[in-house]
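Q: Please take a close look at the ligand site in this model. Which residues surround the ligand, and which polar atoms lie close to its oxygen atoms?

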Amino acid sequence: MKVRVTENYQHMSATAADMIAAQIMDKPDAVLGLATGSTPLGTYNELIRAYNKSRLSFSGVRTLNLDEYVGLPQSHPQSYHTFMEENLFKRIDINPDQTFIPNGMAEDRNKECRRYENLIDEIGPPDLQVLGIGRNGHIGFNEPGTSFASTTHLVKLADSTREANARFFQSKEKVPTHAITMGITSILKSKKIILLASGEEKMPAIKHLLTGDIGEKFPASALLNHPDVTLIVDELAYPATEEENDAE
Ligand code: PGA
């Protein structure tokens with residue numbers, strides 16, 4: 001895993017956006033794996049900026065999102081469909097028919113999971129996957145204990161995840177209890193992965209990841225099995241080394 005420590009959130013976002021832009025310039029019909037959450041917002045803003053300056057076109061790009069809540073209509077303000085629409089898709093020249101997100105309203109959820117995994121294989125795998133990390137080490141909605149062999153599946157959200165996401169809802173009770181997410185195996189199919197982390201609340205998770213211990217109790221550790229992962233982290237999320245601690 002390559003590690004790039006950046007000064008702050010802005011710099012982390014610009015670094016990630018540069019890598020994504022380079023991918024699109026190299027391959028205009030690239031498949032991007034995209035994430036939601038607060039962390040990638042700055043990256044998406046940088047991409048929109050590059051598009052507005054006519055430096056970048058997304059007209060050939062296809063996207064596969066990691067996950068979606070179960071039971072929220074696509075038009076719900078907190079659905080990941082709405083998130084992507086508001087924060088990226090409607091602000092660039094991407095073809096809406098080329099953007100894919102699991103359908104959290106599907107009646108047969110297992111069938112939807114199989115459909116989505118087939119889609120990943122058909123149009124993907126992503127040339128570049130963007131990931132955030134949860135405080136408990138989750139990636140996508142793969143909570144601790146998820147099998148590394150998992151493909152797209154239905155998950156019950158961890159209490160801590162619902163609590164962390166309650167800030168977007170009126171209360172924790174309003175946060176959906178389930179989601180459909182790409183599995184660990186689905187994520188590792190990507191050719192290249194960028195893992196983003198910002199702020200001191202993510203520091204313990206990054207510290208855990210950097211120990212190099214691999215196990216299903218800490219889903220992000222599966223990334224250590226992938227040949228091309230770049231962790232882009234800001235200084236607040238980057239754990240000081242023992243020597244640095246001693247020097248203080
Ligand atoms: P965040 O979420 O970017 O909102 O911190 C990341 C995650 O939980 O995967």
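A: What follows describes the ligand site and then turns to a few features elsewhere in the chain.

This is a predicted model, in which local features need pLDDT of at least 70 and side-chain atom pairs count only at pLDDT 80 or more, while totals for chains, interfaces and linings use all residues. Residues are numbered from 1 along each chain as its sequence is written, and side-chain values use heavy atoms, with hydrogens and water left out.

Around the ligand are Gly-37, Ser-38, Thr-39, Gly-132, Ile-133, Gly-134, His-138, Arg-167 and Lys-202, a residue being counted as near if one of its heavy atoms lies within 4 Å of the molecule. Sorted by class, this shell holds 1 nonpolar, 6 polar and 2 charged residues, where Ala, Val, Leu, Ile, Met, Phe, Trp, Tyr, Cys and Pro count as nonpolar, Asp, Glu, Lys and Arg as charged, and the others, Gly among them, as polar.

The polar contacts (pairs of N or O atoms within 3.5 Å) include a polar side-chain atom of Thr-39 at 2.4 Å from a ligand oxygen, and a polar backbone atom of Ser-38 at 2.9 Å from an oxygen atom of the ligand. In the side chain of Arg-167, an N or O atom is 3.1 Å from a ligand oxygen. Taken alone the ligand exposes 280 Å², of which the protein buries 83%, the areas coming from the Shrake-Rupley method with a 1.4 Å probe.

Elsewhere, the count of salt bridges comes to 11, each being a side-chain nitrogen of Lys or Arg within 4 Å of a carboxyl oxygen of Asp or Glu. One of them joins Lys-27 to Asp-127, with the closest N and O atoms 2.9 Å apart. This pair links distant parts of the chain, 100 residues apart, since Lys-27 is in the loop between helix H1 (9-26) and strand E2 (31-34) and Asp-127 in the loop between helix H4 (109-123) and strand E6 (128-131); helices (H or I, at least four residues) and strands (E, at least two) are DSSP runs, numbered from the N terminus. Pro-125 also lies in the loop between H4 and E6, and the peptide bond from Gly-124 to Pro-125 is cis, with omega near 0°.

How values were computed: A polar contact is a pair of N or O atoms within 3.5 Å; within protein, one must be able to donate a hydrogen and the other to accept it, and residues adjacent in sequence count only if both atoms are side-chain atoms.
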